[in-house]
Amino acid sequence: MFKTEDDITDAGDYPSIYQSARCGNFCYEFKDLLPGDYFVDLHFVEIICTNGPKGMRVFNVFMQEEKVLSELDIYSIVGANKPLQLVDARVSVGENGTLVLRFEGVCGSPVVSGICIRRASKLALKTKAEYVVCNNCAAEIEVPQIKLLKSKAASRYEKKIQDLTHQCQLKTNECYEAWMSLTAANEQLDKIRMELGDKLCQVHSLDQAMEKQTEKLKDVSDKYERDQRTWVAAIDNLDKKIKIMKREQTQLSFEAHECADSVPELNKMVFAVQGLVSQCEDLKLKYSEEQAKRKKLHNQIQEAKGNIRVFCRCRPLSKEEISARYSTVVDFDAAKDGDLGVLTGGSTKKHFKFDRVFTPKDDQVDVFVDASPMVVSVLDGYNVCIFAYGQTGTGKTFTMEGTEHNRGVNYRTVEELFKVANERSETFSYSISVSVLEVYNEQIRDLLATSQTSKKLEVKQASEGVHHVPGVVEAKVENLKQVWDVLQAGSNSRAVGSNNVNEHSSRSHCMLCIMVKSKNLITGECTNSKLWLVDLAGSERLAKTDVQGERLKEAQNINRSLSALGDVISALANKSSHIPYRNSKLTHILQDSLGGDSKTLMFVQISPSENDLGETLSSLNFATRVRGVELGPAKKQIDTGELQKMKTMLDKARQESRLKDEALRKLEENLQNLESKARSKDQVCKNQQDKVKDLEGQLGSNIELHNQMEKQLWQTMEKLKGKEEAYVRLQNKVKELENKIREREHSESMALQQKVKELENKLKERDQHQSECLFLQQKVIAPLAWFYYVITSMLQKLNFVLL
Ligand SMILES: Nc1ncnc2c1ncn2[C@@H]1O[C@H](COP(=O)(O)OP(=O)(O)OP(=O)(O)O)[C@@H](O)[C@H]1O
């Protein structure tokens, strides 16, 4: 016997069932069975749910090649995964002991899950037999009584079966309709689901749009709030500003009124100032006249003293001379009067007369006291030339340059110039610049030039009566320190050019030029003057030096330039039509500072030593020639009484000038104070008027701006209102939509639920019908099949008997 005990409740993957399942046409052959009758149970199950109408999965079952089941559709009877059993199908096994079960047209899914074969009891077959005679052969054919009974019952049953089959058919139809309606409902449900999905998508996108809209609205409202705050702050600020401006305007109008009130007073002041100004103008005029007079007198004194003045200075005996026991040949007894005696040998004494004689005891200060008036002339616009002449080693450099602790004329001159320039700073402005030159072997060298050029420096005429050396450095100096630095630079540069500084210095002319540009701040008169301070080369005679070659050339050049200087001075004194300035570089450079209105001071430097007597006499003779020629006999005879008178006049004029200066200064101060007060008042008044105008303008523009801002604010608020309304409208719309969606969802879900319920009910009903059908089928089909089988076999037998 082959039987499965598997209980199929749900769709499960039971291997035994699968293994026994087959598709298509197949048969099971059971061998070695005892001949006789058997009950066969067939267990069916539709494992896979296969949708489709009834009659799609039908198959036939044959037992011993007799069709016991025709067009069986399990699914339509029990549905998916439900077992169906055919029980107690009776079959006879012949002498061959073989039972053949054949399945035909099994399609779709496996259906046969078990076969049960049981032997039928023999007793059951032993029924009382009846005999019938065959019409053809008259043979008696045994017909069991029971068979007749059974045939009656079978007919009864057949009828019942027909009823039941009919009912079953009806139920199947109903089920089919229910199934179709369920399918349709399912389809509708799917459609609704899809619609619902679409709606949900729509709702979602609407939500998103709403969120975006809300965010936008939030941004707009934030911006609006921010703008509102800014505008409110701006309006507050403007209000404050307007208030401040109004206060300022009140203040300014008050001040303007005050100013207007003070106008008469101011007018009075202006009149007074105008009076003072005219007074001042008079005083200025007088002051200028006085100054001109003073200048004239000063000049007259200078002229009286001589435009070319000669000072003689004798140095002390040097250590070497003392140790060599050289005696002094110079007599200073009448030095105070400018007289100098030189012992020329024995008791012979030669006398010389100069403007001043400085003994070895006289120091640099004493020397400069007498030289300073000449120096100051350069500030009055005169060209001045001071030079030191004499034999080497007689103190030319000492007099002109001096030492660090014993400054000479050069330094003191500049010092004096700055001092006087400062004193005159209220009436004059001065610009001072300095050049330092050297003339060696008739060649000009710029000692301030940072780089020496190969180009020769030449003297050129800049304009009528003005000569200069183009390309020469003119260092602008504003104080003593700067002058000292320039002098040092010149001195250093001079040293660079030679191995032995002293030797070189004695063989070249060192020329310091101080250029002064002045402006009279009262009259506006400008002058351009220069002061030459020249340390000449040694004047020793050629014969004595006894030199040759380069030194001879140097000495010749020195002699030539010095004699050219003498010639120029002579020509000037003689008022000659031609002054031979161009005979040497020295005189050519000094052209505009020697002669004319210029003033010249010569220091003749001498040695007291008997050893230098010859050179001393030579120098003194040259100096005498210069002085003698210049002053001339007529000029020498100056009336001292007249001079004294002029001096007294000058002193008086100076005194008066000082007093007037003082008065003028005070008046000027007063005037300046009044003018500045008037100016400041004017300025204040003007400023305030301007301020009032500005403020009025600003106020106007601010009011306009304020109005514009208010307008803008109002417009913005209107816009915002509109936006807020739109926002509220949108929010309402969104809410409405949400409500609609909710309602729709609710109604749709309700309808769906209802439908689902209905469908479930229908399904339940169908299930119930199906189970009923199944139950009926089970109840009916098996016996029916049995009866059918029995009847068929009996009919066969009957046919056989009948045949
Ligand atoms: N009045 C003086 N009192 C003291 N010493 C002096 C005086 N004059 C000149 N001497 C000294 O004499 C020496 C020579 O002077 P200085 O060099 O000035 O002569 P010089 O004429 O310029 O010579 P050179 O022509 O060589 O340049 C220096 O040592 C200087 O200090």
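Helices here are DSSP runs of H or I with at least four residues, strands are runs of E with at least two, and both are numbered from the N terminus. With that settled, welcome to the close-up views, all of which show a predicted model.

**View 1. The loop that holds S593.** S593 sits between α13 (585-589) and β25 (599-606). This serine counts as buried because 25 other C-beta atoms lie within 10 Å, and the cut-off for a buried residue is 20 or more. Leaving aside residues up to four places away in sequence, S593 touches N383, V384, C385, K530, W532 and S598. Take K530 from that list: K530 and S593 are 63 residues apart in sequence, yet their C-alpha atoms are 7.5 Å apart in space.

**View 2. The shell around the ligand.** The ligand is surrounded by 16 residues, and the closest are R315, G395, T397, F398 and S506. Two helices, α7 (396-400) and α10 (501-506), each contribute at least two residues to this shell. Sorted by class, the shell has 11 polar, three nonpolar and two charged residues.

**View 3. Helix α12 from end to end.** Helix α12 covers residues 549-573, which is 25 residues. After α12 comes K575, with a positive phi near 50 degrees.

**View 4. Helix α8 and its buried residues.** Helix α8 runs through residues 409-423, 15 residues in total. From first C-alpha to last it reaches 20 Å, close to the 21 Å expected at 1.5 Å a residue. V409, N410, Y411, T413, V414 and L417 are the buried residues of α8.

**View 5. An open sheet of three strands.** The strand order is β11-β12-β13, with antiparallel pairing. β11 (330-331) and β13 (348-353) are the edge strands, each pairing on one side only. Between β11 and β12 (residues 339-345) there are two bridges. For D331, the bridge partner in β12 is G341.

**View 6. Two positive phi angles, at Q64 and E65.** Most residues other than glycine have a negative phi. Q64, although not a glycine, has a positive phi of about 45 degrees, and E65 has a positive phi near 65 degrees. Q64 lies in the loop between β3 (59-63) and β4 (66-72), and E65 is placed in the loop between β3 and β4 as well. Q64 counts as partly exposed because it has 16 C-beta neighbours inside 10 Å. E65 is exposed, since 8 other C-beta atoms lie within 10 Å.

**View 7. Residues 203-230.** An unreviewed UniProt entry lists these residues as a "coiled-coil region", along with 280-307, 650-691 and 720-779. Over residues 203-230 the model is 100% helix and 0% strand, and the end C-alpha atoms are 39 Å apart.

View 8. The protein chain has 15 helices and 25 strands. Of its 803 residues, 26% are buried. Among contacts with a separation of 6 or more, 75% join residues 24 or more positions apart.

Key
Residues are numbered from 1 along each chain as its sequence is written. This is a predicted model: local features need pLDDT of at least 70, side-chain atom pairs count only at pLDDT 80 or more; totals for chains, interfaces and linings use all residues. A residue is near a molecule or strand if its C-beta atom, placed from the backbone, lies within 6 Å of it. Ala, Val, Leu, Ile, Met, Phe, Trp, Tyr, Cys and Pro count as nonpolar, Asp, Glu, Lys and Arg as charged, and the others, Gly among them, as polar. The expected span of a helix is 1.5 Å times one less than its number of residues. Two strands pair if DSSP finds at least two bridges between them. UniProt positions are given in the numbering used here, feature names are shortened, and annotations may be inferred rather than shown by experiment. A residue is buried if 20 or more other C-beta atoms lie within 10 Å of its own, exposed if 12 or fewer, and partly exposed in between; C-beta atoms are placed from the backbone. Two residues are in contact if their C-beta atoms, placed from the backbone, lie within 7 Å.
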